[in-house]
Amino acid sequence: MPRWPARWPELAGAASALERWLLPAECLACTRPVGPSDALVCDRCRRAWRRVVPPWCARCGQPGLAGVPCRLCADWPGALARVRSAVWLDAGARRVVHALKYDGWWRVTDVMARAAEGLEPLADGIILVPVPLAAKRLAERGYNQAERLAAAIGRRCGAAVAPEALVRRRETPTQTALTPEGRRANVAGAFAAREVRGRRVVLVDDVLTTGATLGACAEALAVAGALQVEAVTFARARIVGDLG
């Protein structure tokens, strides 16, 4: 068993203070000043996030009218059983996602995970599998934002995270400007899975747009023997291309 230094509590406190000093002095969403107790996004901005609430499609969680067929998940593969998102990708949530993906603020996943806490797929007995990032983007960012979000959610709900369970078999162009049909074709067969036989898997990603990537991941996990595949995302785009 390792023997920690006698002054370990003091050292830990100093490290925490240093990390706080290195964090931005303003909210990542609104740029208003934040105090030492704020976790990168101020309380006002967190309260402004618009929750995704029912009535919604039982499968994909897209709000709609009762009895009206859902257009979002009509063409999803059967392997993807259910998806839920915490908030809409409105301006404030979009700025947080961009800070995570493009500005290096991966610690904001703690705030995002708090918003996702309680989503239906996050039940006992699951494993969390982040959507893999393309190798080029991983090298550019230095981390996979979905993996960091999965780790933060796992700490909150007590679920294991298995980033090695899903890999990209090939690079794919960005999905942002593609039509729904183009997105499905772009990611078809792009993923491979392992070590999930008999497991209940919950995929994790930052944003749901059309569900094409989640569907392709779910198909790979089903082939690898997953008992059930669901997914959670922090945000949900309103229209194709809403990622900006």
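## A walk through a parallel sheet

From strand 6 the chain passes through helix 8 (residues 212-223) and on to strand 7, a β-α-β crossover that is right-handed. Right-handed here means that, with the strands pointing away from the viewer, the path from the first strand over the helix to the second runs clockwise. Helices (H or I, at least four residues) and strands (E, at least two) are DSSP runs, numbered from the N terminus.

This is a predicted model, in which local features need pLDDT of at least 70 and side-chain atom pairs count only at pLDDT 80 or more, while totals for chains, interfaces and linings use all residues. Residues are numbered from 1 along each chain as its sequence is written, and side-chain values use heavy atoms, leaving out hydrogens and water.

**The sheet**

How many helices and strands does the chain have? There are eight helices and seven strands. Five strands build an open sheet with parallel pairing, in the order 1-7-6-2-3. At its edges are strand 1 (82-88) and strand 3 (160-161), each of which pairs on one side only. Two strands are said to pair if DSSP finds at least two bridges between them.

Eight bridges link strand 6 to strand 7 (residues 228-236), and the two run parallel. Along this pairing, Val-204 stands opposite Val-232 in strand 7. Helix 3 (residues 91-102) packs on the sheet, where it touches strand 1, strand 6 and strand 7, and its direction makes about 105 degrees with that of strand 6. Such angles run from 0 to 180 degrees between N-to-C directions, with axes taken as lines fitted to C-alpha atoms, for helices over the stretch in contact. Strand 6 is also joined by five bridges to strand 2 (residues 126-130), again running parallel, and Ile-126 stands opposite Arg-200.

Is strand 6 enclosed or open to the outside? Strand 6 is largely enclosed by the rest of the structure, because eight of its nine residues are buried. Buried means under 20% relative accessible area, exposed means over 50%, and partly exposed lies in between (1.4 Å probe, protein chains only).

Ser-85 sits in strand 1, and with a relative accessibility of 4% it counts as buried. Its side chain makes a polar contact of 2.7 Å with the side chain of Thr-233, and another of 3.2 Å with that of Arg-236. A polar contact is a pair of N or O atoms within 3.5 Å; within protein, one must be able to donate a hydrogen and the other to accept it, and residues adjacent in sequence count only if both atoms are side-chain atoms. Beyond its neighbours within four places in sequence, Ser-85 is in contact (heavy atoms within 4.5 Å) with residues including Val-52, Leu-119 and Leu-208.

Lys-101 belongs to helix 3. It counts as buried because its relative accessibility is 12%. Not counting residues up to four places away in sequence, Lys-101 touches Arg-141, Gln-145 and Asp-206.

**A covered helix**

Helix 4 (residues 109-116) is mostly covered, with six of its eight residues buried. These are Thr-109, Val-111, Met-112, Ala-113, Ala-115 and Ala-116. They pack against helix 2, strand 1, helix 3, helix 6 (145-157) and strand 7.

Most residues other than glycine have a negative phi, and most peptide bonds are trans.

| Residue | Phi |
|---|---|
| Thr-31 | about 70 degrees |
| Glu-195 | near 60 degrees |
| Gly-118 | about 95 degrees |

Glu-195 is exposed, at 60% relative accessible area. The peptide bond from Pro-54 to Pro-55 is cis, with omega near 10 degrees; Pro-55 is in the loop between helix 2 (43-48) and strand 1.

**The whole chain**

Of the chain's 244 residues, 45% count as buried. Among contacts with a separation of 6 or more, 72% are between residues 24 or more positions apart.
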